[in-house]
Amino acid sequence: MQNDVVLKMRGINISFPGVKALSDVDFTLRKGEIHALMGENGAGKSTLIKILTGVYTKDSGQIFIDTDGTESEITIRSPQDAQNKGISTVYQEITLCPNLTVAENIYISRGEGSLVNWKKMEKDAGALLERLNIPARPRQQLGSCSLAVQQMIAIARAVDMDCKVLILDEPTSSLDEKEVAMLFGLMRDLKAQGVGIIFVTHFLEQVYEVCDRITVLRNGELVGEYEIENLPQVQLVAKMMGKELDDLTDMDKKEFVPVQDAAPVFEASGLTSSDCPNPFDFSISKGEVNGFTGLLGSGRSESVRAIFGADRVTGGKVKVNGKPVKISKPIHAMKHGIGYLAEDRKRDGIIADLSVRENIILALQVLKGFFRPFSRSEAEAFAEEYVKALAIKTASLDTPIKSLSGGNQQKVILARWLLTHPQYLILDEPTRGIDIGTKVEIQKLVLKLAEDGVSVTFISSEIEEMVRTCSRLLVMRDRKIVGELVGPAVQQSVIMKTIAGGGD
Amino acid sequence: MNRQARTLRRKEPLTDTQLLLTITICIFFAMYIAAMAIWGGGFLRPQQLFDMLNNNASLIICACALTIVMIGGGIDISVGGLTALVVMSCVVFLDDFGGNIFTAVLLSMGIGLAFGCVHGLLISYLEIQPFIVTLAGMFFARGMTTIVSIDPRTAEHAGFLLLKKTRLEIPWLGYIVKKTGKLIPAKIEIGVIVALVIVLIVFFMLKKTRFGRNLYAIGGNSQSALMLGVNVKRTRFLSYLISGLLSGIAGFVYLMHTGAANATVAAGAEMNAIASSIIGGTLLTGGVGNVIGTLFGVLTLTTIKSIVVTSGLRDPWWQTITTGAMLCFFILLQSVVLSNRGKFKLSDLFRKKKTDVILEKN
């Protein structure tokens, strides 16, 4: 049994200024297994991965890797060093260079010699892409591929490096179902070849679909390693959160009954934007939670961006509280009490180098005008209130937001919008890439907001979340609204059918 | 196998680098041909083009240096100051210290390498802003120039003067003076050959060596490049080292053209070099660029200037104003073209539409 081990980490410790990120963590990976590394955000998964890939250096502890049956201790100095030692990683965010070609991205900084053999590189890349069924051409500029394809190219690169250990850090968060299935096929192939795969994901179903073993971390400590058969999903969640999970069941959305003769909070007809060419109608009443659903790329985000004026609005009429208004820029929407939590947190959400406090007051400050800044104490009071209300885990209000975990960053952005006391809040994928505990908190918050009379449009890739929160769903396919589900029709099976177009 | 071969042979849409290069080359030729048609005269003679090269050989080399650094996402504004320091040092070395041409060349390269090395160390290993580091380098080099000699100097070394006078003559590209019927061959200075060889070497380096591709990678996204296993620090260091080396060579080439040195030599050369690189399709943000484009960038800039002069606006400020307008135009063009990529494909104009094909079949 012991001989099967390909990677062993023992007693890993690391701390950052003010935080003990990992204490005494053990991790064992066997040949030909898919091993899930689970934990909430801030549990230390990313830190452990980054130690393995040479981005961070551990304070103490040992890492052993198996080379042809002999086990030897290694130190990993840099990502390059990790690659050379057979540890390859595919990250959640695409870590390829968009300005290079597909082939270059697969082969850069690999191989011997100081010259590049373009012909051979492109031929090899072509063969590899074909073998893995990736719809990209070697000479294509990477930036012209879709995000999903870029992700697959990153995996192709790792696969091609004859790695002993393949780390997949949230690889599926930007892939649609078909692509996920393809990826899983690939993972099983690699597993059969004896590669040890570490799989980090937030999708519990995916863990149970492909994984053999699970290691659970919590607050930088090892909770345990389990065989997948011996750990039912509910218990896994309980182990990750450190408490029994009855939160999901006690969440109950109320049947939504709109006030009869009140004008909708927001109403749009024939709305189009530069990225959303098909005109659509949309309305939302006070205290309603509705949602856009559909496959990745079906135009969900584009629709809400048009509502918020985030893309160039090209046509349509918009009414707020029954009065016709013009929304062509986000600031217009904000002045009408609309808030928008963007899908891409890194790009459209956080300002990485600003502090938590500054990030929180940003939207309100914009509304007030930059020439009338909040005093330090006002800002602090605001920030403190929401840090407490949303239980944001941060060392202080002055901590740069980039050093917070994903879930906490998301809460800060939420706080930013809540602080403006919007009458209508659009949440685009607020739960992507964050841990299950925070997910539940956010869903509860949405329901609570609705109770308080805020209208919310909610978008999520996880249909269960939509079912749990929305009382009305607009289903999109190929950039068009193809169905509207209300009340009891908001069920997983009906949604699936509508997305698939069974009703046509 | 057959299918794979076909996929490989298929025409790919141009990469950003190739697209910007094409634009620059087209604009240069359009402009030059327009100038030939409108003003004729000098523009019709090949010598006009060679003079552009003769007068700008050192600028071409500086612009190559800038292109390399800018592709890596950095900037080097010390090239002009460094050129001046090298020019002055070489004159003093040749005339006062009895140096010969070979050691003078070594001295130029040595000065360049020394500066490049310090820049590289500070920028890539101590992670100081490249703009500040090379600004300091520029002031330092300018100051050193005055220390080497406060008076303007003219080279008097016999061997060097011989080299300076040497011209490559191409009779068949020359022209006949009508009055005397004498053939005046086209003349190219040694510096131009050096510059063109450097352009070729840099082109090869950027296209074919791992260092070159790593440079594009770190310019495109240095974080990703690091994750892909590129030695970001070393690559960045090397780019400044090469930039320094090229600036040194540019200094010697400058001296071969003018034979004179003073403290204001190559004033503003760094800005001209940056402008040329940008016109040539190198993005200040890094990751996109091509040294052939840079060559055409220098030529475009020079052509514009001679057009301004030919059209009667002889005051020097007209040249700077046109340069400014030109730069603005190119940056605007680049950003419009790049941001509209994929939305509108030029190739669609030439490719048959699907419907056309179907119609033809019927």
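In chain B of this predicted model, helix α2 (residues 16-39) and helix α13 (residues 291-310) have axes that come within 9 Å and cross at roughly 25 degrees, where axes are lines fitted to C-alpha atoms, for helices over the stretch in contact, and angles run from 0 to 180 degrees between N-to-C directions. That crossing angle makes α2(B) roughly parallel to α13(B), since angles under 35 degrees count as roughly parallel, over 145 as roughly antiparallel, 65 to 115 as roughly perpendicular and the rest as oblique. Helices (H or I, at least four residues) and strands (E, at least two) are DSSP runs, numbered from the N terminus.

Because the model is predicted, local features need pLDDT of at least 70 and side-chain atom pairs count only at pLDDT 80 or more, whereas totals for chains, interfaces and linings use all residues. Residues are numbered from 1 along each chain as its sequence is written, while chains are lettered from A and ligands numbered from 1 in the order in which they are written.

**Helix packing in chain B**

- The crossing of α2(B) and α13(B) is left-handed, meaning that the near helix is turned anticlockwise from the far one by less than a right angle, whereas clockwise would be right-handed.
- Among the residues that make this contact are B:Leu20, B:Phe28 and B:Trp39 of α2(B), together with B:Phe296, B:Leu299 and B:Ile307 of α13(B); two residues are in contact if their C-beta atoms, placed from the backbone, lie within 7 Å.
- By class, the contact of α2(B) with α13(B) has 13 nonpolar, 6 polar and no charged residues, with Ala, Val, Leu, Ile, Met, Phe, Trp, Tyr, Cys and Pro counted as nonpolar, Asp, Glu, Lys and Arg as charged, and the others, Gly among them, as polar.
- Helix α3 (residues 46-71) and helix α8 (residues 190-208) of chain B pack at an angle of about 25 degrees with their axes 8 Å apart, and α3(B) and α8(B) are therefore roughly parallel to each other.
- The crossing of α3(B) and α8(B) is left-handed, and the contact includes B:Leu53, B:Ile61 and B:Ile68 of α3(B) and B:Val192, B:Ile198 and B:Val202 of α8(B).
- The residues of the contact between α3(B) and α8(B) divide into 12 nonpolar, 3 polar and no charged.

**Chain A: overall fold and sheet**

- Chain A contains 17 helices and 20 strands, and 47% of its 504 residues are buried, a residue being buried if 20 or more other C-beta atoms lie within 10 Å of its own, exposed if 12 or fewer, and partly exposed in between, with C-beta atoms placed from the backbone.
- An open sheet of 6 strands in chain A has the order β6-β7-β8-β3-β9-β10 with mixed pairing, where two strands pair if DSSP finds at least two bridges between them.
- The edge strands of this sheet are β6 (87-90) and β10 (221-227) of chain A, each pairing on one side only, and the twist averages 20 degrees from one strand to the next.
- β6(A) and β7(A) (residues 165-169) pair in the parallel sense over 4 bridges, and the bridge partner of A:Val90 in β7(A) is A:Leu168.
- Helix α1 (residues 45-52) of chain A lies across β3, β6, β7, β8 and β9 of chain A, running at about 145 degrees to β7(A), whereas helix α5 (residues 147-160) of chain A lies across β6 and β7 and runs at about 175 degrees to β6(A).
- Elsewhere in chain A, strand β16 (residues 338-341) is covered on both faces, with A:Ile338 and A:Tyr340 buried on one side and A:Gly339 and A:Leu341 buried on the other.
- β16(A) pairs with strand β17 (residues 424-428) of chain A in the parallel sense over 4 bridges, and A:Tyr340 stands opposite A:Ile426 in β17(A).

**Individual residues**

- A:Thr53, in the loop between α1 and β4 (60-67) of chain A, is buried, with 23 other C-beta atoms within 10 Å.
- Leaving aside neighbours within four places in sequence, A:Thr53 is in contact with A:Pro79, A:Ala82, A:Ile87, A:Thr89 and A:Ile167.
- A:Ala391 has a positive phi of about 50 degrees although it is not a glycine, and with 11 C-beta neighbours inside 10 Å A:Ala391 counts as exposed.
- B:Ala266 has a positive phi of about 55 degrees although it is not a glycine, but with 27 C-beta neighbours inside 10 Å B:Ala266 counts as buried.

**Contact between the chains**

- The contact takes 29 residues from chain B and 28 residues from chain A, and the largest share of the side of chain B that touches chain A, 7 residues, comes from α9(B).
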